[in-house]
Amino acid sequence: MRGWLVTKSDGRVESRFGEIDAAWLPAGDVLVRVQWSSLNYKDGLAITGAPGVIRAFPMVPGIDLAGVVEESSVAGFAAGDLVAVTGCGLSEKHWGGYAEVARVPASFLVPVPGVFSARQAMAIGTAGFTAMQCVDALERHGLRPGGREVVVTGAAGGVGSIAVALLAKKGYRVVASTGRLEEAEYLRGLGAAEVMDRAELSAPATRPMESERWGGAVDTVGGDTLAGLIRTLGHGCAVAACGLAGGVSLQTTVLPFILRGVSLLGVNSVEVENAERRRIWGLLADLLGRDLLDSLTTEIGLEELPEWGEKVLRGQVRGRVVVRVLEG
Ligand SMILES: NC(=O)c1ccc[n+]([C@@H]2O[C@H](COP(=O)([O-])OP(=O)(O)OC[C@H]3O[C@@H](n4cnc5c(N)ncnc54)[C@H](OP(=O)(O)O)[C@@H]3O)[C@@H](O)[C@H]2O)c1
């Protein structure tokens, strides 16, 4: 099979594109002919050989995949089914989506909802799945349309773009925070009512709490941005924190938590029960317009991954990138 293989020898990590012996595929219940994968921040790290993602070598990277079942040894999946995997340790401990064939445990797989093609499922991918989890977490905490505005940070990126689209579709007044003000028109096209410069949110604190502004927040950036959000959330409101594009440390005080009752909701998309995965995909199928999804998607081939991996790490990718795995 054709694909990317990341190897490590004498402490040196190397990514190589070419033929991989399919006999090396890991054990699993279901063999999938991969058609599409996607590019996420984590994929940028793995494909460029940066540490922190791959935990077992050799590894086929790619944290997402979609394709057609070729062989299945379990009830529930049969040859010809259109399926997807996001997260589940792909590209960390289990071979991922940047090769033409994958073998995975059935517990990783979800059927692609009938409204989406395999390509659209990968335009969603881990980023869209995470965006939906964030919106769902905020609503389970009590967020409802009609209140204060909701802010999305890293808005022009993958998680951010889909979060803006989902929140706008649900009727929230969405403020998109971005470092790329030149993408304002794109963000308004996704449904943002307002676009703000990300420097505002990450500015140094003047007080432990500042004026209440946000009814909720989806944060893909972390660091000073997350600290700024915590200081400016409305009473009883929450931020769903899923990312670290701007840093991993968090400098805050307990005052917003104990005087305003704000909440910090952590979101993880990797380790999620299969039934919960199917529920989240069901929400995405109900909410995400296919035309809008196509409008935020860029398509690349497997060979272009190193170049695009660098771009995603530099924060230069707009929206979502799908990777064409099956040629022809
Ligand atoms: N918790 C989970 O399970 C989970 C799942 C998916 C992703 N994530 C994390 O979520 C983040 C976003 O992922 P993604 O796939 O959407 O990546 P992405 O497409 O690269 O988007 C990240 C965005 O963050 C902004 N950004 C980049 N560098 C920044 C910096 N130094 N300071 C402030 N903002 C910066 C940029 O948006 P603007 O240009 O609009 O400012 C960029 O487009 C990543 O940290 C990723 O690891 C976590």
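The following legends describe close-up views of a predicted model.

**View 1. The shell around the ligand.** The ligand is surrounded by 31 residues, of which the closest are Gly 154, Gly 157, Gly 243, Gly 246 and Gly 315. Two or more shell residues come from each of helix 1 (41-47), helix 2 (118-141) and helix 3 (158-169). Sorted by class, the shell comprises 15 polar, 13 nonpolar and three charged residues.

**View 2. The ligand between domain 1 and domain 2.** Residues of the shell are contributed both by domain 1 (2-111 + 296-324) and by domain 2 (126-266); the ligand therefore lies between these domains.

**View 3. The largest nonpolar core.** This core has 103 residues, and Ala 163 and Val 164 are the members that touch the most others. Helix 2 supplies its largest share, 13 residues. At least three core residues are drawn from each of domain 1 (2-111 + 296-324) and domain 2 (126-266).

**View 4. The surroundings of Ala 163.** When residues up to four places away in sequence are not counted, Ala 163 touches Ala 131, Cys 134, Val 135, Val 152 and Val 218.

**View 5. Helix 6 and the elements that cover it.** Helix 6 (residues 223-232) is mostly covered, with nine of its 10 residues buried. These buried residues are Asp 224, Thr 225, Leu 226, Ala 227, Gly 228, Leu 229, Ile 230, Arg 231 and Thr 232. Their cover includes two helices, helix 5 (198-202) and helix 7 (255-259). Strands also take part, including strand 8 (150-153), strand 11 (214-219), strand 12 (233-241) and strand 13 (263-266).

Notes: Residues are numbered from 1 along each chain as its sequence is written. This is a predicted model: local features need pLDDT of at least 70, side-chain atom pairs count only at pLDDT 80 or more; totals for chains, interfaces and linings use all residues. A residue is near a molecule or strand if its C-beta atom, placed from the backbone, lies within 6 Å of it. Helices (H or I, at least four residues) and strands (E, at least two) are DSSP runs, numbered from the N terminus. Ala, Val, Leu, Ile, Met, Phe, Trp, Tyr, Cys and Pro count as nonpolar, Asp, Glu, Lys and Arg as charged, and the others, Gly among them, as polar. Domain bounds come from an automatic or database domain assignment. A residue is buried if 20 or more other C-beta atoms lie within 10 Å of its own, exposed if 12 or fewer, and partly exposed in between; C-beta atoms are placed from the backbone. Two residues are in contact if their C-beta atoms, placed from the backbone, lie within 7 Å. A nonpolar core is a set of buried Ala, Val, Leu, Ile, Met, Phe, Trp, Tyr and Cys residues joined through C-beta atoms within 7 Å.
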